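Subject: Structure handover

Hello,

Here is the structure I promised to pass on. Please open it first, then read the notes below.

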Amino acid sequence: MRYAQVADLLQRESAQNVAEAAAPDNAAVGGDLLTAMVAGGATGRWDEATIEDGKAAIERVQQHLDDATAGINGYIQARYPQLVQQPEPRNADLLKRLCLDIAGWDLLGGDADSDRRHKHKSAMTTLRDIASGVVALLTSAASDNDVAAGARFSGHAPLFGRDDLMES
């Protein structure tokens, strides 16, 4: 199962930047063509060669998303094998964000101080935390009281409460 679609990456990043990065060498593929193709819109204003280049660009973007999904699965499979086969809907937003951050960096790159680089680094840290158990993904066995944001943090019970504090 894919955690993100081409349309998601086109929406998250500049469609034009994605088109330029994914298009075959010297191809005149624009973000408007990729957006139209992914949405199933009319492509009649482009010639056949440009449409073929657009198809190749979409395949390249999809490959980056598939690679990111495989990488995510590699991190979560040991701890959550059931989620790789049947992703829990409550984890969908988190896994989608991680996939887009990884694929966006892999496809578009950026300099060391770029926002895209920081998102990629954060995504990788989150995956390492999931793999080590610091961050827990929600499973169907999780209770209804768990937060529906896609991750659950747990800790020890408090040692003392408000009633235990005394004024001096």
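**Overall layout**

From the N terminus on, the elements of the protein run α-α-α-α-α-α-α-β-β. That comes to seven helices and two strands. Helices (H or I, at least four residues) and strands (E, at least two) are DSSP runs, numbered from the N terminus.

This is a predicted model: local features need pLDDT of at least 70, side-chain atom pairs count only at pLDDT 80 or more, and totals for chains, interfaces and linings use all residues. Residues are numbered from 1 along each chain as its sequence is written, and side-chain values use heavy atoms, with hydrogens and water left out.

The protein has 168 residues, and 40% of them count as buried. Buried means under 20% relative accessible area, exposed over 50%, partly exposed in between (1.4 Å probe, protein chains only). The accessible surface is about 10200 Å². Carbon and sulfur atoms account for 49% of that surface. Areas come from the Shrake-Rupley method with a 1.4 Å probe; for residues, only the protein chains shown count as cover.

Take contacts between residues at least 6 apart in sequence: 62% join residues at least 24 apart. Contact means heavy atoms within 4.5 Å.

**Two helix pairs**

Start with helix 4 (residues 48–76) and helix 7 (residues 115–132). Their axes come within 8 Å and cross at roughly 30°. The two helices are therefore roughly parallel to each other. Helix 4 brings I72, Y75 and I76 to the contact. Helix 7 brings M124, L127, R128, I130 and A131. By class, these residues are seven nonpolar, no polar and one charged.

Now helix 3 (residues 31–39) with helix 4. Here the axes come within 10 Å and cross at roughly 75°. This pair is therefore roughly perpendicular. L33, L34, M37 and V38 in helix 3 meet T50, I51, G54, K55, A57 and I58 in helix 4. Those residues divide into seven nonpolar, two polar and one charged.

Some cut-offs for both pairs. Axes are lines fitted to C-alpha atoms, for helices over the stretch in contact, and angles run from 0 to 180 degrees between N-to-C directions. Under 35 degrees counts as roughly parallel, over 145 as roughly antiparallel, 65 to 115 as roughly perpendicular and the rest as oblique. Ala, Val, Leu, Ile, Met, Phe, Trp, Tyr, Cys and Pro count as nonpolar, Asp, Glu, Lys and Arg as charged, and the others, Gly among them, as polar.

**The core**

The largest nonpolar core has 43 residues. Such a core is a set of buried Ala, Val, Leu, Ile, Met, Phe, Trp, Tyr and Cys residues joined through side-chain atoms within 4.5 Å. I72 and I130 have the most contacts inside it. Helix 6 (92–108) is among the elements that each supply at least two residues. Helix 6 gives the most, with nine residues. Leaving out residues up to four places away in sequence, I72 touches Y3, L95, L98, C99, I102 and L127.

**A look at helix 3**

Which residues of helix 3 are buried? They are G31, L33, L34, A36 and M37. Their cover includes helix 1, helix 2 and helix 4. L33 counts as buried because its relative accessibility is 0%. Beyond residues up to four places away in sequence, L33 touches T43, W46, T50, I51 and G54. The C-alpha atoms of L33 and T50 are separated by 8.7 Å, with the residues 17 apart along the chain. After helix 3 comes G40, whose phi is positive, near 75°.

Best wishes
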